[in-house]
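Take a moment with the sequence and the 3D view. The walk below goes from the whole chain to a few side chains.

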Amino acid sequence: MLFANPNLAMGLKFIYIFIWGVIVIAIPFIIAAIEATAYRALMDKSKATEISNPV
C-alpha cells in the first residue's frame, strides 16, 4: 500500500518524470561528446587530411 497516500504518489510521479526529463535532455549531449571524441581520434590517425607540398 505504498501508493495509498495520494500526496506521496504525486511526489514520486513528479520525481520519476523529472529524472526521465533529465535523462532525455542529457542523452544527445552524451552522444555528441562520444562522436566528437571518436572523430578527433580518427582525424588524428588519418593521413588523408594532410596537405602535401607539390613540387
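How much accessible surface does the protein chain have, and what share belongs to carbon and sulfur atoms? The surface comes to about 5400 Å². Carbon and sulfur atoms account for 74% of that area. Keep in mind that this is a predicted model.

The protein chain has 55 residues, and buried residues make up 0% of them. Its secondary structure is quickly listed: one helix and zero strands.

Helix 1 covers residues 6–45. Does its length fit its residue count, or what span should we expect? At 1.5 Å a residue, the 40 residues of helix 1 should span 58 Å. The C-alpha atoms at its ends are 58 Å apart, so the two values agree. Helix 1 also has a kink of about 30 degrees, placed at Ala 26.

Now turn to the aromatic rings. How many aromatic pairs does a search of the whole structure find? It finds two. In one of them, the ring centres of Phe 14 and Phe 18 are 6.3 Å apart. Their planes meet at 20 degrees, under the 30 degrees that counts as stacked, so this pair is stacked. Phe 14 and Phe 18 are four residues apart in helix 1, which means about one helical turn separates them. Both Phe 14 and Phe 18 are exposed.

Tyr 16 and Trp 20 also form a pair, with ring centres 6.4 Å apart. Why is this pair edge-to-face? The planes stand at 70 degrees, and over 60 counts as edge-to-face. Tyr 16 and Trp 20 are four residues apart in helix 1 too, again about one helical turn. Tyr 16 is exposed, with a relative accessible area of 53%. Trp 20 is partly exposed, at 44%.

Technical notes
Residues numbered from 1 in each chain as written. Predicted model: local features only at pLDDT ≥ 70, side-chain atom pairs only at ≥ 80, totals over all residues. Heavy atoms only, no water. Helix = DSSP H or I, 4+ residues; strand = E, 2+ residues; numbered from the N terminus. Buried < 20%, exposed > 50% of the residue type's maximum accessible area, 1.4 Å probe, protein only. Areas by Shrake-Rupley, 256 points an atom, 1.4 Å probe, with all protein chains shown as cover. Phe/Tyr/Trp six-rings, centres within 6.5 Å; stacked < 30°, edge-to-face > 60°. Expected span 1.5 Å × (residues − 1). Bend = angle between axes of the 7 residues up to and from the residue.
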